[in-house]
Every structure is written in structure tokens, then in C-alpha cells.
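Please open the model in a viewer and display the side chains.

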Amino acid sequence: MIIVARPTVQATVYITNHLTKKILIVHCRSKDDDLGVHAVAVGATIHWSFGQNLFGGTLFWCKLAVEDKRIIFVAYDQGVDDVKGDWYVRDEGVYGIHNLTFLRAAWTRP
């Protein structure tokens, strides 16, 4: 039996703070990795790269917070996204960069 290893495909997620004068708190994780809590300044971007699961199923979700509002959303789903996830965080919610009219998730209050 010959087993051929397929090279791991790298994917990258970007989350950019486009809030009006507010620091964005970001906490992202997958089943295997917790990326920690980060404070993202206005206009700044947090990003990370990772190898996709050989058999599919790579999934990252993020909790975002600003003042008393929260959002939890899927930032990357290997079954849906290609090798890049781009997100703009605005006062109304989280938008996909490729179509700024697409509201992925709106802010809620706990």
C-alpha cells in the first residue's frame, strides 16, 4: 500500500476594526486552538493563518465585544470558505469584505 500525503493548504482569517472610535475585543478559537483575547484598535487588523484539516471540517468561531454589545460568529468554515476569511467589524455588525452589504452577524446585548 502506498500512501501519498497531500500538502496542507494554508488559510488565513482577517478581522478589521472599523468601529467608530471604539476598541474591539476579539476572542477566536477552533476545536483544537484557543487564540486568546486581543484588543484591536480602530483601523487595525488581527489575522492568523492555519493549515486546513486534511479531511475537512476546520472551523473557527469568534466572540467580539465592544462596550456592552456582543457578537459570536463563524469566522472560517472549511466547508464554506476558500482559503481566506475577511471580516469588517462596523457599528452595525460584522460584514464580509467581498460584499459589504452582507451582514454576517449583528450586535446583541447580553
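Predicted model: local features only at pLDDT ≥ 70, side-chain atom pairs only at ≥ 80, totals over all residues.

Residues are numbered from 1 along each chain as its sequence is written, and side-chain values use heavy atoms, with hydrogens and water left out.

Begin with the two salt bridges of the structure (a side-chain nitrogen of Lys or Arg within 4 Å of a carboxyl oxygen of Asp or Glu). Select Asp-68 and Arg-109, whose closest N and O atoms are 2.6 Å apart. Asp-68 lies in the loop between strands S5 (59-66) and S6 (69-77), and Arg-109 in the segment after strand S9 (103-106), so the pair ties together parts 41 residues apart in sequence; strands are DSSP runs of E, at least two residues, numbered from the N terminus. Next, select Arg-29 and Asp-34, which are joined at 3.4 Å, N to O.

Turn to the aromatic pairs, of which there are four (ring centres of Phe, Tyr or the six-membered ring of Trp within 6.5 Å; planes under 30 degrees apart are stacked, over 60 edge-to-face, the rest tilted). Select Phe-50 and Tyr-76: with centres 5.1 Å apart and planes at 75°, the pair is edge-to-face. Phe-50 belongs to strand S4 (residues 45-51) and Tyr-76 to strand S6.

Finally, select Arg-90, which lies over the face of Tyr-95 at 5.9 Å from the ring centre (NZ of Lys or CZ of Arg within 6 Å of the centre and within 35 degrees of the ring normal).

Methods: Helix = DSSP H or I, 4+ residues; strand = E, 2+ residues; numbered from the N terminus.
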